[in-house]
Amino acid sequence: LTQKCLGNMAKMLDFYSQFNPSPLSIKQFIDFGLSACERKSFIFLRKELPVRLANIMKEIHLLPENLLRMPSVGIVNNLYVTSFEEIIHFEKADVNDTTLDTFCQALVKIRNRHTDVVQTMAQGVLELKESHDVDAQTENSIQYFLDRFYMSRISIRMLINQHTLLFGGVLNGHNRHIGCIDPYCDVISVVKDAYENARFLCDQYYMASPDLVVQQHNGNHLYHMLFELFKNSMRAVMEHRGQDADNYPPLEVTVVRGKEDICVKMSDRGGGIPRSQMDNLFKYMYSTAPQPSKSDAHTVPLAGYGYGLPLSRLYARYFMGDLVLLSCEGFGTDAIIYLKALSNEANELLPIFNKTSTKFYRTPLPTADWSNQCGNSMSTRQMTMS
Ligand SMILES: O=S(=O)(c1ccc(O)cc1O)N1Cc2ccccc2C1
């Protein structure tokens, strides 16, 4: 990048990062998709995509120095710079069919370019762990950043998918879908799909798998969350009971549609984990496992790079839901996915680059205002954070 171009890029980043991202609700996605006007979508996206990209790119620059210097983080940063440049080319383009077509192609190119960003960032965290000692403040900044970075990425891919599915020419398989949203989503069938695919992996690895019991009391993010939870629960049950056991306690899934929340609860009797370990399950630093070596590729990892739970919780929180784990050590674990029942309440939850987020990276961990004998001290913020 030439000096002039770099300077211009910095100015454009400052300009677009001043705007807050505009959260959309599932209702807005559906209503817009029904009227589907490509020009309006283009006009909205050529501003909103640079705003969302710039907001998170400014935050990348706030990362702790030694993470920022990791080769993989440099690669991710350059991907974002390239994609940001490509999008702002459309800033003043006149709105005609040629522009709309090249815009769609650019979105597909950007989506493909960023396909492996989750793994590449995980590699960056691994590079840091292998080259530096990571203090609590750095770990805190990384946890805070990656939750926001992946949420931002989920939201950008959601916008790109809706536009390319609605206007990209390729007819999507199910014409009742609006973009990637299925307004008639039958949760039970998603549960069964996710179970069958996780069971396939479990059978391959353990030569057996727990049954599924589904009780119904009343998309694709939902599928990914369920697939992840099934893999965890199956692994827990199989390892808790040992592979010679002849029968395994079934996984129980309960689906309830309330006035405000839709709950999908998955209960396993896999022996659970101690309360002291629970927080680690959602920590990127803790769950950044060394890459599974290609040699033992036949042992298909039920748990991939370990980012399954933190990412699944982001998918749940993206549309104002949540993912909560409740474990009883020695017995098993309940995982509950909460979804908004009403599409007008299912608003995107988006990270905003501003003074508050900037301060978070610069504020040292507060001194403890709680203490116990074993020398672990906590701050009120840490108590409320988890
Ligand atoms: O921590 S867990 O309780 C657990 C965590 C998340 C989940 O969705 C289901 C679970 O059951 N569990 C994961 C696991 C893996 C290997 C051996 C034993 C266990 C216990």
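Visitor: Which helices do the buried residues of α7 pack against?
Guide: Quick terms first: buried is under 20% relative accessible area, exposed is over 50%, and partly exposed is in between (1.4 Å probe, protein chains only). Packing here goes by contact, meaning heavy atoms within 4.5 Å, and helices (H or I, at least four residues) and strands (E, at least two) are DSSP runs numbered from the N terminus. With that settled, the buried residues of α7 pack against α4 (65-68), α5 (71-88), α8 (136-167) and α12 (308-318).

Visitor: What kind of model is this?
Guide: Residues are numbered from 1 along each chain as its sequence is written, and side-chain values use heavy atoms, with hydrogens and water left out. Local features need pLDDT of at least 70 and side-chain atom pairs count only at pLDDT 80 or more, while totals for chains, interfaces and linings use all residues, this being a model that is predicted.

Visitor: Back to α7: how far apart are its end C-alpha atoms?
Guide: Helix α7 has 15 residues, 117-131. The expected span of a helix is 1.5 Å times one less than its number of residues, so α7 should span 21 Å. The model agrees, as the end C-alpha atoms are apart by 21 Å.

Visitor: And which residue is the buried Glu of α7?
Guide: The buried residues of α7 include Val117, Val118, Met121, Ala122, Val125, Leu126 and Leu128. Thr120 and Gly124 are also on that list. The Glu among them is Glu127.

Visitor: Over to the ligand: which element gives the largest share of its shell?
Guide: The ligand is surrounded by 13 residues, with Asn232, Asp268, Gly272, Ile273 and Thr333 the closest; a residue is near if one of its heavy atoms lies within 4 Å. At least two shell residues come from each of α10 (220-241) and β4 (322-328). The largest share, 6 residues, is from α10.

Visitor: How many of the shell residues are charged?
Guide: For the sorting, Ala, Val, Leu, Ile, Met, Phe, Trp, Tyr, Cys and Pro are nonpolar, Asp, Glu, Lys and Arg are charged, and the others, Gly among them, are polar. The shell then splits into 5 nonpolar and 5 polar residues, and the charged ones number 3.

Visitor: How much of the ligand's accessible area does the protein cover?
Guide: Start with the polar pairs: oxygen atoms of the ligand lie 3.5 Å from a polar side-chain atom of Asn232, 2.7 Å from a side-chain N or O of Asp268 and 2.5 Å from a polar side-chain atom of Thr333. On its own, the ligand has 440 Å² of accessible area, and the protein covers 86%. Those areas come from the Shrake-Rupley method with a 1.4 Å probe, and for residues only the protein chains shown count as cover.

Visitor: Which side chain makes a polar contact with that of Thr333?
Guide: Thr333 sits in strand β5 (residues 332-340) and counts as buried because its relative accessibility is 15%. Beyond four places in sequence, Thr333 touches residues including Met266, Asp268, Gly272 and Ile273. A polar contact is a pair of N or O atoms within 3.5 Å; within protein, one must be able to donate a hydrogen and the other to accept it, and residues adjacent in sequence count only if both atoms are side-chain atoms. At 2.8 Å, the side-chain partner of Thr333 is Ser327.

Visitor: Whose backbone nitrogen does the side chain of Asn55 reach?
Guide: Asn55 belongs to helix α3 (residues 38-60), and its 2% relative accessibility is why it counts as buried. Its side chain reaches the backbone oxygen of Phe19 at 3.0 Å. The backbone nitrogen reached, at 2.9 Å, is that of Phe353.

Visitor: Which residue with a positive phi follows α10?
Guide: α10 has 22 residues and reaches 32 Å from first C-alpha to last, close to the 32 Å expected. The residue after α10, with a phi near 75°, is Gly242.
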